[in-house]
Amino acid sequence: IKLSENLLILYKEYDEIIKLVENVPFDQVNIEIFRKKSNQLADQIAKIDLILDGKACSLYREITKSYMEFSPYIDELSILSNGKLQERHWNQLFEECGKKGSYNDQITINDLIKLNIIGNIERIKKITAISLGEFQLEEEVKRIRSYWSEVHIPLANAHAKTDMTMVLAPLDSLISGINDATITLHQILDSPFVSGIQKEVEELTKKMDKIIDICKVWQIFQNNWITVSNLYQQEAISKAIPHQQQRFLTIKRKWRAIVRHVWSNTRLFAVCQFESLLEDLQDNSNDLEIIMKDLVLYVNQKRNYIPRLYFLSDQELLTMMSTTSFSIFMSLFLKTLMHITRLDSHSKDAAQLTSQDSTKELCNFSGLTIFSIVGEDGDCLPLADHILCTGPLESWAPSIFTSIEESFKDHFKESYERFCCV
C-alpha cells in the first residue's frame with residue numbers, strides 16, 4: 001500500500017512537470033516553479049527508490065528515465081528564462097547551434113533538448129548576456145522616447161491662437177534637456193550591445209538633433225518675423241519697399257501653414273513631423289534677412305532727422321520702430337540719452353486724438369504722452385512741454401530732446417534764483 005500511494009504521488013507530480021516540458025511554450029514556463037516541481041519529483045523518486053530497494057517497477061523506471069532527460073539542464077533553462085531573449089536572439093542561438101530556421105514562438109523545453117540547443121551552455125550564456133544588455137538599452141531608449149513624445153513645444157501665449165500671436169517661450173531648458181537626451185543616445189550607440197537596436201537609436205538620435213536645429217532656426221526666424229510683420233502692418237512702410245511685397249507674402253503663407261500645424265497638436269514630436277518645417281523656417285529666415293536689409297535702409301533715414309539714433313544698432317533701431325511695447329521702445333530710446341533711466345508717460349483720452357493718416361508712418365502707441373524723465377539718482381524732472389506720441393518718429397521724438405533741454409534750463413534757472421534769494 002505504501003508503494004502504491006507513493007507511485008500515485010510520483011505519477012501526479014511527473015504528469016504536471018512533463019506537461020511543462022512537452023506542451024507549454026518555453027517562454028510561458030515559470031522557471032522557478034519548474035525548478036521547484038523538479039526538485040519535488042527528484043525527492044519522490046529517491047523516496048520510492050528506497051522503498052523498492054532494488055526491485056523492478058516499470059512505471060518508476062520510465063518516469064526516472066524521462067526525468068533524467070531534462071533534469072540536467074535546469075540551470076541552462078534558468079539562464080535562458082532569466083534572459084530577455086527576443087526573436088532575433090533565439091534565431092542567433094539556433095543558427096550558432098546549427099539549427100538555423102528551426103525556432104518558433106511555440107518551442108518547448110522538449111524541443112530545445114531534442115535539437116541540442118540546451119546543451120550549448122557557452123552560447124546560451126553569451127547570447128543571454130547580449131539580450132540582457134540590449135534589454136537595458138531598449139528600456140532606456142523607450143524611456144527617452146516616451147518622455148519626449150509627451151513634451152509640448154513651449155509657447156508664450158498658448159491661448160492666443162493666431163499666426164501673429166504665436167510666439168515661442170524661452171527654449172533654453174528645452175534645448176538643454178534635448179542635448180542631455182542626445183548625449184545618452186550617443187552613449188547607447190557606443191555600447192557593445194547596441195547592434196540589435198542600432199537603427200532605432202540612430203533614427204531617434206537623428207530626430208532629436210533635427211529638433212534642436214529646428215528650435216535654433218525658429219528662434220532666429222521669430223525675432224525677425226516679429227520685427228518685420230509689425231512694420232509691414234503700416235501701409236507707409238510696406239509701400240516704401242514694394243519690391244519686397246511678394247517675398248513677404250510668401251513668408252506669411254508658409255508661416256501660416258506652420259502655425260495651423262502647430263495648433264493642431266503642440267506636442268514637440270508632432271510639431272516636428274511637419275515635413276518641410278526646418279526647410280521652410282530656414283527659407284523664411286533667409287527671406288526675412290533680405291527684407292530687413294531694405295528696411296534698415298528705410299529706417300536709417302530716421303538718423304538724418306534724429307542723429308542720436310546712431311547710438312543704436314540697426315537691429316535695435318528696427319526693434320524700436322516695430323515694437324508695440326512702450327517699455328521696450330523706452331529701453332532702447334534711453335540709449336540716446338545720458339543718465340536717464342525712465343520716461344514717465346500716460347495714455348491720452350482717445351477722444352482728444354486726431355486720427356492718424358494711414359498713408360503715413362504711424363506710431364505704435366499713439367496717444368501716449370511723455371510728461372517727465374527720471375534720472376539715475378531717482379530724481380524726476382517734469383517736462384515743460386508734454387510730448388504726444390503720434391505720427392512718424394521724427395515728428396515727435398526730437399521734441400523729447402528739446403523739451404528735456406528747455407525743462408532743465410527752466411529748472412536750473414528756478415533753482416538758481418531761489419538760491420540767490422536765500
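Which helix lies across β2 and β3, and at about what angle to β3 does it run?

1. Basis. This is a predicted model, in which local features need pLDDT of at least 70, side-chain atom pairs count only at pLDDT 80 or more, and totals for chains, interfaces and linings use all residues. Residues are numbered from 1 along each chain as its sequence is written, and side-chain values use heavy atoms, with hydrogens and water left out.

2. Helix over β2 and β3. Helix α17 (residues 393-421) is the one that lies across β2 and β3, running at about 155° to β3. Helices (H or I, at least four residues) and strands (E, at least two) are DSSP runs, numbered from the N terminus. Contact means heavy atoms within 4.5 Å; axes are lines fitted to C-alpha atoms, for helices over the stretch in contact, with angles from 0 to 180 degrees between N-to-C directions.

3. Sheet. The order β1-β2-β3 describes an open sheet of three strands with antiparallel pairing (strands pair if DSSP finds at least two bridges between them). Because β1 (340-347) and β3 (380-389) each have a single partner strand, one side of each is left without a neighbour in the sheet. From one strand to the next, the twist averages 25°.

4. Pairing of β1. Seven bridges join β1 to β2 (residues 368-375) in the antiparallel sense. Ser 345 has Ile 370 of β2 as its bridge partner.

5. Helix over β1 and β2. Helix α16 (residues 326-333) lies across these two strands and runs at about 145° to β1.

6. Residue in α17. Phe 408 lies in helix α17 and is exposed, at 51% relative accessible area (exposed means over 50%, buried under 20%, partly exposed in between; 1.4 Å probe, protein chains only).
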